[in-house]
Amino acid sequence: MECLGKGNKIKPKKELNKKKIWKLAIIIIFTILFIAFAVLYTKNYEFRNFFDKYIFRKEVYSDNLSYIQVDSSKNINAFAYSKYIVILDQNQLKIYNKYGNEEHILDVEISNPIFEANDEYLCIAEKGGQKIYLISNKNIVWQKEIEGNISNININKNGYVSAIISGTSYKSVVQIFDSKGNYLFKKYLAATNVIDTDISNDNKYLAIAEANFSGIVVQSNIKVISIQEAQNNSAESIKYTYIANPDDLIINIKYNNKNELICMYDTHIDLLKENQSTELIDFEDENLLFADINLSNKFMKIIQKNEGILNSEIELQIINSDNQNVNTCKVENTPKKVHIQDDMIAINLGTSVLFVNDSGWLVKKYQSNEEVQKIVLCNDIAGIICKDKIKIISL
């Protein structure tokens, strides 16, 4: 028999807390189900396609969309930026929201526009003319009239603008403005044609892709210029000039988030860093259908993967230029055209369009009975241009 001393008490046995056990069990079950769903959704195309269509309702149909009425007898100059679709007609830039409602009108003296956008900024210039505008949100930030003929424009995410100019005593001229419209400097090129330009995300460097067509073979070069030193007329403003292999035609250049240049040639894509070039893609290595470097920090390619004599698969691959990580998305048919703006990819399959983000996820699928001819898009909105309507898709 156990004796208890004075003051000692028998401790009651702890009862199991059934509510806590049930809560823990439910959390574990839901965690397992979520992981299983995530794996199936990521790895199984049929499973993902079913949920995208019937659960997440990512398929949208032409007849059920908001639209902007347009004049079918006119050439439609439309573009998308920020969260708006804009239409330029008779020197008026009409700005529409995702419901097809006109929100604002700007007077813009341009008839043959070049559009370029980056995030909230929209730059418009007269192709072959002198006028250029920078718009932010729904307001004109600045407008200029320059000497020569504008052949192309480029804008970075901070609103810095580069304009490629021809029709002067030089072969090409590149003129730079900051986000407030202040003229920074001009770069004159006497013997080469400027193919493309890009301004780094920190506003420190201007890259110029140029080509010389006067010789037996094409010679492409890329100049990287310090914007600060060029404003001071420094002889050392050119940080380096990269000379490409003979007969490699430069097509496009784009700065990534590390201020490295992604360079697209007619046969390959390279990464250029401090005058050192590394090949990322050789177009001859696989059955390449499309390639583009204009995503914010990535580039993409669409390839046809042959899995036998009668079996083939179309695959979109999105590659991060920083770490070479690849996101993929299966494409059900051979694309007719691909459009890219900001971090969004629109794959035109004929009567349907896949809208895919830069992580490789399907955002929306547009279905129609008519062939899709032209698409405008940005991260938040897209427009399908038909004969007398622009169908609007929220992304």
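Predicted model: local features only at pLDDT ≥ 70, side-chain atom pairs only at ≥ 80, totals over all residues.
A pair of cysteine sulfur atoms would have to be within 2.5 Å to count as a disulfide.

Cys263 is likewise a buried residue, with a relative accessible area of 1%. The count of disulfides in the model comes to zero. A disulfide is a covalent bond that joins the sulfur atoms of two cysteines.

## Salt bridges across the structure

Searching the whole structure gives twelve salt bridges. In general, side chains of opposite charge can pair when their charged atoms come close.

## Lys74 and Asp89

Lys74 and Asp89 form a salt bridge in which the closest N and O atoms are 3.4 Å apart. Lys74 is located in the loop between β2 (67-69) and β3 (77-81), while Asp89 belongs to strand β4 (residues 84-89), so the pair ties together parts that are 15 residues apart in sequence.

Both partners fall in the partly exposed class: Lys74 has a relative accessible area of 35%, and Asp89 has a relative accessibility of 28%.

## Lys298 and Asp358

A salt bridge also brings together the side chains of Lys298 and Asp358, with an N to O distance of 3.9 Å. This pair links distant parts of the chain, 60 residues apart. Lys298 is in strand β24 (residues 298-306), and Asp358 is in the loop between β29 (352-357) and β30 (362-367).

The side chains of Lys389 and Asp388 meet in a salt bridge at 3.8 Å, N to O. Within this pair, Asp388 is partly exposed, and its relative accessible area is 29%.

Some salt bridges share partners, and through them Glu109, Lys131 and Glu145 are joined into one network.

Technical notes
Residues numbered from 1 in each chain as written. Heavy atoms only, no water. Buried < 20%, exposed > 50% of the residue type's maximum accessible area, 1.4 Å probe, protein only. Salt bridge = Lys/Arg side-chain N within 4 Å of Asp/Glu carboxyl O. Helix = DSSP H or I, 4+ residues; strand = E, 2+ residues; numbered from the N terminus.
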